[in-house]
Amino acid sequence: QVRFVESGGGLIESGGSLTLSCEVSGVVTRLYTMSWDRQVPGKQRELVASISGESSGSSLYYADSVKGRFTIARDNAENIIYLQMTNLKPEDTAVYFCKVGFPYNTWGQGTQVTVSS
């Protein structure tokens with residue numbers, strides 16, 4: 001069974017930085033595509049950033065809205081996925097979810113990020 005422990009969310013002023021962490025157990029994260037998604041109440045969950053499995057070259061993807069500001073990273077030894085977020089904007093306010101991709105397609109419980117203007 002895949003389990004996630006997400007942390008690092010909180011309240012931050014516009015322009016500030018946060019780093020989210022996702023400790024994963026039950027799967028070896030370097031073998032799968034891992035991602036961070038976010039959701040605002042009343043809107044669809046959207047993909048923010050992803051890192052593919054090592055066999056696919058650990059390719060990175062970023063949504064246009066976060067390119068140049070967010071960085072996804074994977075600690076293979078600790079099985080942790082990070083999302084470093086800089087120059088945060090009020091529109092980044094959302095619940096952020098860690099996800100393991102195919103074949104599991106499973107999300108964590110989420111961590112709230114609130115950016116004040």
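# Close-up views of an all-strand predicted model

Among contacts (heavy atoms within 4.5 Å) in the protein between residues at least 6 apart in sequence, 51% join residues at least 24 apart. This is a predicted model, in which local features need pLDDT of at least 70, side-chain atom pairs count only at pLDDT 80 or more, and totals for chains, interfaces and linings use all residues. Residues are numbered from 1 along each chain as its sequence is written, and side-chain values use heavy atoms, with hydrogens and water left out.

View 1. Along the sequence the pattern reads β-β-β-β-β-β-β-β-β-β-β. The radius of gyration is 13 Å, close to the 13 Å of the globule rule for 117 residues, so the protein is as compact as a globular protein of that length. That radius is taken over C-alpha atoms, and the rule is 2.2 Å times the number of residues to the power 0.38. The C-alpha trace spans about 40 × 25 × 25 Å along its principal axes.

**View 2. The largest nonpolar core has 29 residues.** Such a core is a set of buried Ala, Val, Leu, Ile, Met, Phe, Trp, Tyr and Cys residues joined through side-chain atoms within 4.5 Å. Trp36, Leu83, Met85 and Tyr96 have the most contacts inside this core. At least two core residues come from each of β3 (18–25), β4 (34–39), β5 (46–51), β7 (70–75), β8 (80–85), β9 (94–100) and β11 (111–116). Buried residues make up 43% of the 117 in the protein. Buried means under 20% relative accessible area, exposed over 50%, and partly exposed in between (1.4 Å probe, protein chains only).

**View 3. A cis peptide bond links Phe102 to Pro103.** Its omega is near 5°. Pro103 sits in the loop between β9 and β10 (106–107).

**View 4. Asn79 has a positive phi, near 60°, in a residue other than glycine.** Its loop runs between β7 and β8. Asn79 counts as buried because its relative accessibility is 13%.

**View 5. Asn87 also has a positive phi, near 45°.** This residue, too, is not glycine. Asn87 lies in the loop between β8 and β9. Its relative accessibility is 41%, so Asn87 counts as partly exposed.

Definitions and conventions
Helices (H or I, at least four residues) and strands (E, at least two) are DSSP runs, numbered from the N terminus.
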